[in-house]
Amino acid sequence: MSRLEKPKASDDALMREVAARDGAAFRTVIETFAPRAHRIGWRMLGNGADAEDIAQDTMLRLWNNADKWQQGGAGISAWVARVATNLCLDRLRRRKFSSDEDVPERADETPRADEMIDEDRMRGRTIAAINALPDRQRAAIILTYYEESSNNMAAQALEMNIKAFESLLLRARAALRLSLGDAR
Amino acid sequence: MSDAFDKNTAAALDLYALPALSADFADRVIEKANTATALVKPPVRDRRRRWSRLRTLSIGIGAFGVMSAAAAATGAFGDIARDVPVIGPLIESIAPAKPKPVRLAARKPSPAAKPIEPATIAAAEPSVAVPIATQNDEILREERHARREARLGARVEKMQARRAEAGLPTLSPERAVRRARIAERQARLRKEWNALSSEDRTAMQARVNERMQRNQAQAEGGFITRRRVIIEELRARRKAQMDEEPTTTP
């Protein structure tokens, strides 16, 4: 279990206070865990506005379901990662089915390479490579690399069994390596 | 960050840094959370739902009660429903219970039927509970039966009187009743016959003749024919005997 996801004894106490509608406790939860939901949202959806929406929805869900919090579980951090990831996947799914516009090319969302100095150019390539991954592969990379989730926790977040997740992660890494290798 | 990526890939991934959340993010979320909490479960809606449920329940109970009372009043449950404390009086007010069947067999016979009482009037059957729906038919049947028995008794009495006037011995009650029944049936048939038109009488006569001929044809070679042959033989034998016997007269 990663450093970020390690459940603390204080998580349960904090959630008891949130369930009792303690505003100060909820503020603590937001300040501690909302950045994680925000990061996941940004990397999954590719922009800051959607990332804030995801972070806000995640926190509101935590607030509304605080009375159903299971003591001794995986902790708030794991819960936030799972909910934020699934909110992102739902939003991507809806975006694909509801939009009547052509899906823009992923490369278009990135800064133009010839306008970038080396580091910026490389950063743009990285973002393009991550965005070019299929949704679930992208989620696997974000959870395991950026959010430092264990394979087991990431598999739970994506509601997959561990073998299927490891296979998914393997394919994601291969695709990313190939894409970044071409960029270099 | 992860050992699964080579150094170059990991270095590239690390370039994807993100800006922090806006400073007032927590305030905005808390404000939204408080708004959402205030809107959760408005009490008016709950009360309305409770009243709606109560109204549906009471309509259901009322409808069931009316249907049960109607079914009981039409006799679907027999007399059992009349014994139920609440429903019984309700049924009684809608459909009063019909009188129990009268035991007509135990009614005092008319003086005319007195001589044939042992043979014509059967012993009274033990009373049996009759369903309400058939009580009217039962009463009518009993009345018809009593009238027929009285008429039969009068006919027997007249017949015995005629025999006494003619100097004939009176018949036993059983035989007198049997003859009276035959005479009554003949009288009824005669009455029906007289009521027919001439065309109907002709048609009926034709049907009777046809039936007789058919029966006779079926009987040919059967019992009737054998009987007739035997009778003829006996007659012939007796005649022969009478012819052979010598006259004893001087």
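**Exercise 1.** Determine which elements of chain B have the lowest and the highest mean pLDDT.

*Solution.* This is a predicted model, in which local features need pLDDT of at least 70, side-chain atom pairs count only at pLDDT 80 or more, and totals for chains, interfaces and linings use all residues. Residues are numbered from 1 along each chain as its sequence is written, and side-chain values use heavy atoms, with hydrogens and water left out.

Step 1. pLDDT is the predictor's confidence in each residue, from 0 to 100. Among the elements of chain B, the lowest mean, 47, belongs to helix 5 (residues 117-120) of chain B, and the highest, 89, to helix 7 (residues 173-195) of chain B.

Step 2. Over residues 118-124 of chain B, pLDDT stays under 50. Where pLDDT is low, the predicted coordinates should not be read in detail.

**Exercise 2.** Describe how the axes of helix 2 and helix 3 of chain A cross.

*Solution.* Step 1. The axes of helix 2 (residues 23-45) of chain A and helix 3 (residues 48-64) of chain A come within 7 Å and cross at roughly 140 degrees.

Step 1. Helix 2 of chain A is therefore oblique to helix 3 of chain A (under 35 degrees is roughly parallel, over 145 roughly antiparallel, 65 to 115 roughly perpendicular, and the rest oblique).

Definitions and conventions:
Chains lettered and ligands numbered in written order. Helix = DSSP H or I, 4+ residues; strand = E, 2+ residues; numbered from the N terminus. Contact = heavy atoms within 4.5 Å. Axes fitted to C-alpha atoms, helices over the stretch in contact; angles between N-to-C directions.
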